[in-house]
Amino acid sequence: NILARHFVAFDQGGHIENEYLRCFRRTEREVGTRAGSRFIKQWFEKLVQRKKRYFYSGQLQATHRRELQQLHFDPSDMPFVAVCYRTPNKLLVAEESDYNGPIKEYLNNQMGIQVLTIAQALAQVYD
């Protein structure tokens, strides 16, 4: 259902895809090949098969990069924000604590980016 209504944005430099692949490997080491781990990998494979990946620049404008650095935002997450900023709906789904209150507020107020957890994003899909 999610793939029918949405797409996933990646950076042209491959940072985001490499992060997904790294997470797949880590998950397999930690939980083995149980259903949840397989499900995530299958989701990614379907994403590729159905051509639901869109590619954008992963370079963030200097002003936004400086502001986020002042908020102690993890530099490795900058490509995610840069790509999201270029998408039509500016929706970033993340479970990480890197997206704390002040960072979410900056992303929303200054860049128009809404940060949701997976559960919140799924709730929007099924509304």
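This is a predicted model: local features need pLDDT of at least 70, side-chain atom pairs count only at pLDDT 80 or more; totals for chains, interfaces and linings use all residues.

Colleague: How does Leu 122 count: buried, partly exposed or exposed?

Modeller: Leu 122 counts as partly exposed, at 31% relative accessibility. The cut-offs: buried is under 20% relative accessible area, exposed is over 50%, partly exposed is in between, with a 1.4 Å probe and protein chains only.

Colleague: Where does Leu 122 sit?

Modeller: In helix α7, residues 118–125. Helices are DSSP runs of H or I with at least four residues, strands are E runs of at least two, and both are numbered from the N terminus.

Colleague: Which residues form the nonpolar patch on the surface?

Modeller: Val 93, Ile 118 and Leu 122, with about 220 Å² of accessible area together. Areas come from the Shrake-Rupley method with a 1.4 Å probe, and for residues only the protein chains shown count as cover. Patch members have over 30% relative accessible area and no salt bridge; nonpolar side chains (Val, Leu, Ile, Met, Phe, Trp, Tyr) are joined within 5 Å, like charges within 9 Å. A salt bridge is a Lys or Arg side-chain nitrogen within 4 Å of an Asp or Glu carboxyl oxygen.

Colleague: On to α6. Which of its residues are buried?

Modeller: Ile 103, Tyr 106, Leu 107 and Met 111, in a helix that runs over residues 101–111. They fall within an arc of 95 degrees seen down the axis, so they line one face of α6. That arc is taken from the directions from the helix axis to the C-beta atoms. Glu 105 and Asn 109 are exposed, on the face turned away.

Colleague: What do the buried ones pack against?

Modeller: α4 (62–70), α5 (78–86) and β4 (114–116). Contact here means heavy atoms within 4.5 Å.

Colleague: And what does His 64 touch?

Modeller: Tyr 85, Tyr 106, Gln 110 and Met 111, not counting residues up to four places away in sequence. His 64 lies in α4 and is buried, with a relative accessible area of 8%.

Colleague: What comes just after α6?

Modeller: Gly 112, with a positive phi of about 75 degrees.

Colleague: Zooming out, how many helices and strands?

Modeller: The chain has 7 helices and 4 strands. Buried residues make up 30% of its 127 residues.

Definitions and conventions
Residues are numbered from 1 along each chain as its sequence is written. Side-chain values use heavy atoms; hydrogens and water are left out.
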